[in-house]
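Please consult the sequence and the three-dimensional structure while reading the explanation below.

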Amino acid sequence: MWRCGGRVPFFLRRLSGGASPQARRRRATTACERARQHEVGEQIHGFTVSQVTAIPELSLTAVKLSHDSTGAKYLHLAREDTNNLFSVQFRTTPMDSTGVPHVLEHTVLCGSRRYPCRDPFFKMLNRSLSTFMNAFTASDYTLYPFSTQNPKDFQNLLSVYLDAAFFPCLRELDFWQEGWRLEHENPKDPQTPLTFKGVVFNEMKGVFTDNERIFSQHLQNRLLPDHTYSVISGGHPLCIPDLTWEQLKQFHATHYHPSNARFFTYGNFPLEQHLKQIHDEALSKFEKIEPNTAVPAQKPWDKPREFHVTCGPDSLAAGSSKQTTVGVSFLLPDITDTFEAFTLNLLSSLLIGGPNSPFYKALIESGLGTDFSPDVGYNGYTREAYFSVGLQGIAEQDSQAVRDIIDRTIKEVIEKGFEEDRIEALLHKIEIQMKHQSVSFGLALTSYIASCWNHDGDPVELLKLGSQVARFRQCLKENPQFLQEKVKQYFKNNPHKLTLSMTPDDKYPEKQAQMETEKLKQKVNSLSPKEKQQIYEKGLELQTQQSRPQDASCLPALKVSDIERTVPLTELEVALAAGETPVQYCAQPTNGVVYFRAFASLHTLPEELRPYVPLFCSVLTKLGCGLMDYREQAQQIELKTGGMAATPHVLPDDTHLDTYEQGVLFSSFCLDRNLPDMMHLWSEIFNSPRFEEEEHFRVLVKMSAQELSNGIPDSGHLYASVRASRTLTPAGDLQETFSGMDQVRLMKRIADMTDIRPVLRKLPRIQKHVLHCGNMRCSMNAAPQQMSLAEKAVEKFIRNLGQSKTERKPVRPSVVEKPAPSGSSGSTHLSGPQVIRKLITDPTFKPCQMKTHFLLPFPVNYVGECIRTAPYADPDHASLKILARLMTAKFLHIEIREKGGAYGGGAKLSRDGVFTLYSYRDPRSTETLQSFSKAVDWVKAGRFTEQDIDEAKLSVFSVVDAPVAPSDRGLDHFLCGLSDEMKQAHREQLFAVSREDLIHVSNKYVPHGLVARPRPAVVARAPAVGHSADLSPPAFQVPRPWAEHTWPGSAWTGERRDRQGPVVGSQIARNSASAREYS
Ligand SMILES: [Zn+2]
């Protein structure tokens, strides 16, 4: 749990005088206090302290050190946070596109000197309570982070990570498996043709199906052409087969050395212990070298350049003539100049963020395109930063018009400057993001400083956001033209300017495939008969190795007995506002921030309006309200809140699969002082939303349709799974309507309509069913001392709301009233009256089997297969949860990733009782369906050990016990009526799962031979395309409108277990993925 650090009782400080640093540290009570007692020049376990700095705005103390004999750099950030994080970062600067750093990142995780078993990284997922484990390859560094709340686990993981990074085996067969190889289509049959296989090879083929990625990659390569940024660090599918095993080993020797490493630790565990372990287990075994990895400065151009590239057609807009993207980018100064970088980042947000920004007005509202071009705004991931702006979804002939608008807008900004209110809103945003407590703060910090530190910038300076804000204000005060001068310098008078355009080529996928065939032919033709024989034998050897039973006993492990037996209780109080609307209050250390949520049940909504609910939600807070037009409203939201959002939800019932609640969740947060303003904004939105701005509505529709369609290559395995569950439960059916392929198609259709008014007219009709307090409940998470103010604010909000004039009849088959657990039901930590949830049930629903195949122009597949099982409260649910993990770790991972060459695959059980088997970035599909079927046979035959079951339990509990931010505590109770007692009961069921239970549930729910002889009614499958890194289906993703920024203090968009995708960061004002990270 997080406690507000920093303040230490006065007497403790007095006591500490005079003693040795070690003695004082022993007496210090908080992590920050302990860290502050280190002294510059102090030597600890081979390291020397070079700087100790308190950073009060982030409640942390930074200790900078360097390792004496190797020169390794070290930064420790002490903070009262139990979710401790470690990362080691190497500067990796490839000079070709063979993907050597990326293949290396995968291969070092395949076994090391002390842990020679196969794939210790994946095995540790089952032997640890880690809250995060992953590895990333960026353009110029490779980062290995993990986090955990358990001290023993920290040591275990640190040991495995250090050994992997510094002493990997790098066996040839590991390189074959993870990188690329030639292998017979059927490895056992030398008569079948040779083909390219390998995890990274397929991963990168998947990456380059994404047109936004293609654009971003070209942009960076062309704008910074002199050195490492001109190549693709992840690897180009056509270049990866040029990489040799020797080159891989050489790259490791020169780059993964302590002299080229940066170590980072974060949290409340003591620093000394980390230093000792890192020194003893790794650094003491090395001598200093001069790593030749620095990236030289890019030589500035004397005149602008232009490039044109092609991509595949938009799979959902075939035939549309508006598929061109054009972007203009400018080179900016070195990111190690932290204040200049801070200023330009802010400036970029002023230029492109939100409907009041000049580029939004000029470009987005021009109607020429659908959305900004990829990587719009400030990009600080390379040694020199760059700014990019442009449009996608335009007609090819409008390219010049877009470029003219960009030039004109820059000129206008230089003349007019920015409104003071917008600057204030942005500084407010930084303030609130520094205060917001996220559960992955350590991860956010390591990623925030990675690029700057990588080029020897000062990470501590970068973290002093408070002083940067102060200096920024001072600059503005001294020179009101401060920002305009920057625009002039970096945009108007900057000859290092790139115009990049991209148009689709209908033949693009065929051409790519043809080039791959050529490459393959060339490789195969150059082989001697002897080499062919070797390839055949090695293929067999790899298969044998993959099929051999694995011994992981060399790896450290936690035990099931290390898991907490009980769930921590969350104190909740429920009270009625205005006499009828239930409000849940949860007092938490929220650090000066208030979190408000409201859930409106939708059980009266007519059937034909349901598909439009997501659209209603996405525009509700963006069209204006009361006397404010959409611009004024956006301004107020930025000035007074950290974000306001509405999202459609399908909430499963914990006892019946055919019962669920549908509704809309409204969520927002603000600084304590702004609560009345935020609630006033909600009142205006609820009472008088404006649904008449037709032009702006069109703009929003186009943007969101574009976003959905761009997301398919990246989230398709979710689309496949959602589709597959559609005919299994009524909730699954609704989920498909809200967030499946049906929704994507609907949005695309609306975006193409010439007359959009009929759609706009549906919104007030939905409003009548949602925006009143008839079927609503609210929640507030705030500091205890804020609660009485919070209560008053929500009371006023409810009183101001219009009552639903007429009692609306439910239109769905039948509505069941279900009381949520409350104080009266005997709970010790819940008090107040009972909340009644109105659930929808459909007794006529008949689950049935369905198969769907979406044909999309991607060279890799994504498969989802769903099975209807048991609801949350059923003891079988717990068994199935363990079963899913067991099947993933012990069978599916081996079959689908290791042998099949897919990026990943596995099984999961969602809280709605749907059991899903899936694969992503998969070169195969029918074989994968057969693997699903074999997995079932494997479980039924009971070919797993007690140890396997314990490991699956550890892995499940590391997810169940993932830390919850103060903003989100009590949320399960608020949304789904889950009390701590129910969670405890489920926990005990998880502990109790036995071998017999696992076999029992697999016999009971999972039919034999999923593919060969599908039984009626329970199985649906949908091979489709796409891939998602997030394992939780949309039904359980709690929207966090505030989780979309890269400033420290904000959360990441998601934590991902297993290696399923890069952590997606984003720019300050818009959620645009960082495009060049691979994991
Ligand atoms: Zn990868």
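The model is predicted, so local features need pLDDT of at least 70 and side-chain atom pairs count only at pLDDT 80 or more, whereas totals for chains, interfaces and linings use all residues. Residues are numbered from 1 along each chain as its sequence is written, and side-chain values use heavy atoms, with hydrogens and water left out.

Threonine 70 is located in the loop between strand 3 (60–67) and strand 4 (73–78); helices (H or I, at least four residues) and strands (E, at least two) are DSSP runs, numbered from the N terminus. Threonine 70 counts as buried because its relative accessibility is 0%; buried means under 20% relative accessible area, exposed over 50%, and partly exposed in between (1.4 Å probe, protein chains only). A polar atom of the threonine 70 side chain lies 3.2 Å from the backbone nitrogen of alanine 72. Leaving aside residues up to four places away in sequence, threonine 70 touches Pro258, Ser259, Leu283, Phe286 and Lys288, where contact means heavy atoms within 4.5 Å.

Another loop, between helix 21 (529–547) and strand 18 (572–577), holds proline 556. Its relative accessibility is 17%, and therefore proline 556 counts as buried. Although aspartate 153 is 403 residues away along the chain, its C-alpha atom is separated from that of proline 556 by 8.7 Å. Not counting residues up to four places away in sequence, the contacts of proline 556 are Tyr115, Met124, Arg127, Asn156 and Val160.

Helix 9 (residues 211–223) has 13 residues; at 1.5 Å a residue it should span 18 Å, which agrees with the 18 Å between its end C-alpha atoms. The expected span is 1.5 Å times one less than the number of residues. At the start of helix 9, a side-chain oxygen of aspartate 210 comes to within 2.9 Å of the backbone nitrogen of glutamate 212. The buried residues of helix 9 include Ile214, Phe215, Leu219 and Leu223. Among the elements against which its buried residues pack are helix 8 (199–207), strand 12 (305–311) and helix 20 (508–525).

In helix 20, the residues Tyr508, Lys519, Leu520 and Val524 are buried. They lie on the same side of helix 20, because they cover an arc of only 150 degrees around the axis; the arc is that of the directions from the helix axis to the C-beta atoms. Gln522 and Asn525, on the other side of helix 20, are exposed. The cover over the buried residues of helix 20 includes helix 9, strand 12 and helix 21.

Strand 30 (residues 914–922) is mostly covered, with 9 of its 9 residues buried. Strand 28 (residues 861–868) pairs with strand 30 in the antiparallel sense over 7 bridges; two strands pair if DSSP finds at least two bridges between them. Here cysteine 866 stands opposite threonine 916. Strand 29 (residues 904–909) also runs antiparallel to strand 30, joined by 6 bridges, and glycine 906 has tyrosine 918 as its bridge partner. Strand 29 and strand 30 form a hairpin with 4 residues between them, and glycine 913 in the turn has a positive phi of about 85 degrees.

The largest nonpolar core has 142 residues, of which Phe359, Phe491, Phe596, Phe666, Trp682 and Phe697 touch the most other members. Helix 12 (residues 338–352) gives the most to this core, with 9 residues. A second, separate core of 86 residues includes Tyr144, Leu224, Phe269 and Leu271. A nonpolar core is a set of buried Ala, Val, Leu, Ile, Met, Phe, Trp, Tyr and Cys residues joined through side-chain atoms within 4.5 Å.

Key
A polar contact is a pair of N or O atoms within 3.5 Å; within protein, one must be able to donate a hydrogen and the other to accept it, and residues adjacent in sequence count only if both atoms are side-chain atoms.
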